[in-house]
Amino acid sequence: MIASRTPVSLHSLLVAGGHGKRCVAGAGGRKRGRVQRRHLTQALESFWRHAPRPAPPAAAARGEANRSWQPPPLENPAFEEYYKEQRIVREEEWDDFISVLRKPLPATFRINASSQFFKDICSKLENDFKRYLESEVSDEYGEDAIRPLPWYPGNLAWHLNFSRKQLRKNQALESFHEFLKHESEVGNITRQEAVSMVPPLFLNIQPDHHVLDMCAAPGSKTFQLLEMIHQSKEPGLLPRALVVANDVNAQRCDLLIHNMKRMCTANLIVTNHEAQNFPDCRIANDLSEIYKKDCKPQRLEFDRVLCDVPCSGDGTIRKGHDMWRKWNSGMGNGLHLLQVDISMRGIALLKVGGRMVYSTCSMNPVENEAVIAELLRRSGNSVELLDVSNELPELVHRPGLSTWKVQDKGSWFQNHDDVPCDRKNVILPSMFPSNNSIQEGQSVCDDIEVNTGSNGSFSRNFSIEKTNKVYCDTDGISNSNTTKHSDSTPNSTSSNFPLHRCMRIVPHDQDSGAFFIAVLHKLSPLHECQMVEVTKTEVLDDDESLEEQKKISIDAHTSEDSNLTEVALVTDDVKNDQAESGNRMNKLQDQCKWKGVDPVLFFRDLTVIKSIVSFFAINISFPLEGHLVTRSADPNNARRIYYVSKSVQEILQLNVEVGEQLKIASLGLKMFETHRSKDGCPCAYRLSYEGLPLLLPYISKRILCASPNDFLRLLQYRTVNFAHFINARFGEEAASLIPGCCVVILREGHQNLDLGSITMDPTTIAIVCWRGKATLNAMVSPPDRKELLERITQRFGLKALRVEEENPRRQN
Ligand SMILES: C[S@@+](CC[C@H](N)C(=O)[O-])C[C@H]1O[C@@H](n2cnc3c(N)ncnc32)[C@H](O)[C@@H]1O
């Protein structure tokens, strides 16, 4: 990923804070800008401020042992009163509900099915750890101490009978804990709360979908979305799909970027906007016909939108003491309007026929059902609330509430009329089940008639439910797993919308956190007056230069030689035209209008591209031109060159045309880096390990095929003299290359093949190396090296020698 600022490294974040944690992939040695250092410091402060502490500082200062400190009690009378009054669960369930909230949350994680080592990780879990834990800790944690979550497809998500804290503290779990930490660091697994894994599953992502994750940081769901779009692809092929991950908070964007580096993807753009003001990027009318003809997007709109909004977060109360202490009902009230605005913007950006998932980790109906009801009210018959309960049949959930109350400063209100005048601007009509300011089933636009009995799907369902009177059961609580019918007609304190189709996950049903999910389907475009106005312009450049940019943009597009489509290698005839067009595009881009953000520049130096293509013999079927970007101030001297998918490329071009409305924090897969060497290499760039899996199937020069033992040797010593390889022929082949970057591969059952006959398959393991004067050097980061050593020794049944045990001559 290419970031506008050097992305956050958790390593530096931790080291800067003096906590001495280990290094993280890709962290090494880069200088950080002032802004980023500030972000890191703030992120670090915030991390430690919110992390549970061993003892209060005063006690620690007095030198008292932790033992003398008692954690604060897990109780909050206001919390209990609130949720009892809301009848969040039945009266007879209350004790179960509250006692589970006081228990630590079981740890859970997900396996990345798009990872190269997916099968190895599954086998390690099933064959090693599951058995080991069954025999070692079953007394403490039960027979099935680790097991797949039954509702997650493909057994990819796992539940542990112990919490993260127990995992850290229990000696018997140490090796398992190390495994989880390491595999998570290299991106093979993601440690994520079980309920937080649910929303992406309801998006029903397809390989060609454009997906918007509106409030994405720190990115556990973004990672899941990326896994979904990459899962079914062969090595070397990119999906048509694209994920735009957005977050308003720049520090959290940095964390998101850091976390996404674990996923090799060229199909992600990270943006930094207020989600409620996320830009439209609509192409001007006079250009739209040309765009349509070229099948290019004319507006930034999405097939799927994930709206995992900021919320009070009381569904995560099992994670620590802090939420018990700080919870109050004002937290949810204060977020309601922002949640409505963000989700309305999400609907506006959704294509007709598309799906949006709204979710929170809060139990509060003001942040949940009230938001969905308001969204349905405002969007009239353009949107329907889907019943998706049959899509994950094993997930235990309850229907949404149809009735709730609003609390303000200790007083309860059933409708907005009762709210004192001086609080009416804080406690809004939309927070109530029945918003009297707008009749339900009627749009906010007076000129739109929503006939609830007419032919639209929403209307049809709605009218059926009216006839059947499906609202809530007689004691006013929404039904649990099965929907009960009642003869009671809705009153002014219950909603007429089919809110039972929303899904509530409560902790005592399946030993999890709490979550709320609603799935919406867009049936028709919103009327203009239904759209949330993008009121604020976050941009920050003068209008004149914007106008100028637009003008150049239009010129560039209409000009005959502005062919911006990609070609793999260009002939000399078209080269000049393209260079000219590229210059214009770069001119358009060369000063980003977003303050403090580097522009995204297409890398179009054909001399460099040609030299890379010929050095590695990159096949013409792998398009480079138009897919390479950089953020270096001088694109002709770029240190790193990143690769973007066709879908990302199209959005970048659209963004340039519309005057860079998107504030892009990061994008692309690092593919080439400059390498200063005195070895006389004719190519100024070397391959990057991150981009290698994508490019490898298209390279036909500078590949060496190693035996498992030589591959292991190279990884262990990193620098190996040609004469010291076990297979002398391999050493000779390495020596016969001219100095410079090369690739060493290892494949099951295909050792020692001639160079000419190399074909790639999914079992191929490859690393980037440098052929020096007399040695071959492996260019792999420490975590990736550790990962490869483990996978190779496991796959090939080899024993990795500890360097100090073997006591070799220095290998160079
Ligand atoms: C619940 S968290 C998102 C968690 C994330 N989806 C995940 O799975 O890792 C909410 C995020 O919304 C961001 N946020 C808050 N207000 C926002 C706004 N107006 N626009 C966009 N993001 C916002 C916060 O910075 C926070 O990162």
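User: Into which domains is the protein chain divided?
Analyst: This is a predicted model. Its protein chain is divided into domain 1, covering 106–191, domain 2, covering 544–674, and domain 3, covering 702–806.

User: How far apart do the C-alpha centres of domain 1 and domain 3 lie?
Analyst: The separation between the C-alpha centres of domain 1 and domain 3 is 30 Å.

User: And how many residues of each are in contact?
Analyst: Domain 1 contributes five residues, and these are in contact with seven residues of domain 3. On the side of domain 1 that touches domain 3, two residues are nonpolar, one is polar and two are charged.

User: Turning to helices, at what angle do α24 and α26 cross?
Analyst: Helix α24 (residues 708–717) and helix α26 (residues 782–796) cross at roughly 160°, and their axes come within 10 Å. Because angles over 145 degrees count as roughly antiparallel, α24 is roughly antiparallel to α26.

User: Which residues make that contact between α24 and α26?
Analyst: From α24, the contact uses Pro-708, Phe-711, Leu-712 and Leu-715; from α26, it uses Arg-785, Leu-788, Leu-789, Ile-792 and Phe-796. By class, there are eight nonpolar residues, no polar ones and one charged residue in this contact.

User: Is the crossing of α24 and α26 left-handed or right-handed?
Analyst: The crossing in which α24 passes α26 is left-handed.

User: What about α15 and α16, at what angle do they pack?
Analyst: Helix α15 (residues 330–349) packs against helix α16 (residues 369–379) at about 45°, with the two axes 9 Å apart. The two helices are therefore oblique to each other.

User: Which residues of α15 and α16 make the contact?
Analyst: On the α15 side they are His-336, Gln-339, Val-340, Ser-343, Met-344 and Ile-347. On the α16 side they are Ala-370, Val-371, Glu-374, Leu-375, Arg-378 and Ser-379. The contact of α15 with α16 comprises six nonpolar, four polar and two charged residues.

User: Left-handed or right-handed for α15 passing α16?
Analyst: For α15 passing α16, the crossing is right-handed.

User: Now the ligand. How many residues surround it, and which are the closest?
Analyst: The ligand is surrounded by 18 residues, of which the closest are Cys-215, Lys-221, Val-248, Ala-275 and Asp-308.

User: What is the shell around the ligand like by class?
Analyst: That shell consists of eight nonpolar, five polar and five charged residues.

User: Backbone next. Which residues does a cis peptide bond join?
Analyst: A cis peptide bond joins Ala-217 and Pro-218, with omega at about 5°. Pro-218 belongs to the loop between β6 (210–213) and α11 (220–230).

User: Which residue has a positive phi although it is not a glycine?
Analyst: Asn-204 does, with phi at about 50°.

User: Where does Asn-204 lie?
Analyst: Asn-204 is located in the loop between α10 (198–201) and β6.

Technical notes. Residues are numbered from 1 along each chain as its sequence is written. This is a predicted model: local features need pLDDT of at least 70, side-chain atom pairs count only at pLDDT 80 or more; totals for chains, interfaces and linings use all residues. A residue is near a molecule or strand if its C-beta atom, placed from the backbone, lies within 6 Å of it. Ala, Val, Leu, Ile, Met, Phe, Trp, Tyr, Cys and Pro count as nonpolar, Asp, Glu, Lys and Arg as charged, and the others, Gly among them, as polar. Axes are lines fitted to C-alpha atoms, for helices over the stretch in contact, and angles run from 0 to 180 degrees between N-to-C directions. Helices (H or I, at least four residues) and strands (E, at least two) are DSSP runs, numbered from the N terminus. Angles under 35 degrees count as roughly parallel, over 145 as roughly antiparallel, 65 to 115 as roughly perpendicular and the rest as oblique. A crossing is left-handed if the near helix is turned anticlockwise from the far one by less than a right angle, and right-handed if clockwise. Two residues are in contact if their C-beta atoms, placed from the backbone, lie within 7 Å. Domain bounds come from an automatic or database domain assignment.
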